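Here is a short tour of a model, moving from its sheet to a helix and then to the ligand. Have the structure open beside you as you read.

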Amino acid sequence: MDDIGRLIDLTSQMHLEPGEDVNCPQLSQSKKDAIITSNAVLPNGKKIKLLKTLLTSACERNCYYCPFRSGRDLRRATFSPDDFAKLYLQLHKGGIADGIFLSSGVINGGINTQDKLLATVDILRRKYQYNGYIHLKIMPGAEKAQVEEAMRLADRVSINLEAPNTERLLQLAPLKQYTDELLRPLQWVEEIRRTQPGNRAWRGYWPSSVTQFVVGAVGDTDLELLSTTQNLYHQLKLKRAYFSAFSPISDTPLENQTATSPMREHRLYEASFLVRDYGFDIEELPYDKQGNLPLESDPKLMWARKNINEPIEINTADRERLLRIPGVGIKGAGEILKARRKNLIRDIGELRPFGVNINRAKPFITLNGRRPAHQLKLW
Ligand code: SF4
């Protein structure tokens, strides 16, 4: 198999890693371009084509949801760090990929595998002077010194927790240890960011960290997932938790399990943003008896219908209160605060340029003491 053939094999399942995606992965027509790249948005807002790949698809672990689990009948492919770095550089120079998301199957333990990942990005950064985007995975069981080295070389690091707690992980990936192998490296990332000067990192500041959960394969509830997510945001300053709706894969122990609704994934994202950016506590969100968010409506709207008993005055509410209004986002709240320093906001149309969804906001607000015209029946 030639290099491109190997790379196509290695990227074939990477849609399972949401990473920095804004859209679904795309597979283009010609062989040269038949490599999955994703449209991605970087932490600084820049849009790039991200090549998401493994260094090897061989793996000694047996995570029940994973297409690369050991023993599964699958053609495996592997690159050496040097070969991979050379190939990626060609793709980068050819305009096929602007950035890379690099992970790996585990071979001869997490420490050995992490060494190979580190060697690859080290070659890219130091030998080839590559200064583009790198999102580097931390392998289960990696050492603290390796985590620090990864943080020196990458723009973002991630460790997938996969499950909200030890019990759920046992059902999903019995060979992974929740606290020692997965949570601890995430704690190290934050400890290093907190205690060491960022000028040790290649960009002069430490990278962000993210994680991912597999949703709905083993009875995990939204409340469990959001509870862990809230702790990660508050205590470990995680940039983002990604949620990946479980989809069964043939020849895995979970192949007969029902796929999780993409709407559940969507609701989890909405709820996690409320916790991360809007000052909500998970206890405030609406759940059914099983501890799951209702699918039929977004959690902020449901919260507002139950809790906003008096409309909120746009001209006087503080930022925290503005952020509770459905249809008002972070930018919208900031723009409202700025605009009303100059003039009273009297007309609902004035909110539209601020990115406010006025149909959503209308039932919950007053403007200079008056309810906006054309009330919806939501109130
Ligand atoms: S360690 Fe990673 S690649 Fe290996 S089976 Fe588990 S999830 Fe898949």
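## The sheet

Val157 has Ser209 of strand S6 standing opposite. Strand S5 (residues 156–158) and strand S6 (residues 208–215) run parallel and are joined by three bridges; strands pair if DSSP finds at least two bridges between them. Strands (E, at least two residues) and helices (H or I, at least four) are DSSP runs numbered from the N terminus.

The open sheet has seven strands in the order S1-S2-S3-S4-S5-S6-S7, with mixed pairing. Strand S1 (37–41) and strand S7 (240–245) form the edges, each pairing on one side only.

## About the model

This is a predicted model, in which local features need pLDDT of at least 70 and side-chain atom pairs count only at pLDDT 80 or more, while totals for chains, interfaces and linings use all residues. Residues are numbered from 1 along each chain as its sequence is written.

## Helix H11

Which residues of helix H11 (residues 330–342) are buried? They are Gly332, Ala333 and Ile336, buried meaning that 20 or more other C-beta atoms, placed from the backbone, lie within 10 Å of a residue's own. Seen down the helix axis, the buried residues of H11 fall within an arc of 100° (taken from the directions from the axis to the C-beta atoms), so they line one face of the helix.

On the other side of H11, Lys331, Lys338, Arg341 and Lys342 are exposed, with 12 or fewer such atoms.

## Around the ligand

Cys59, Arg61, Cys63, Cys66, Phe68, Arg69, Gly105, Val106 and Ala173 surround the ligand, a residue being near if its C-beta atom, placed from the backbone, lies within 6 Å.
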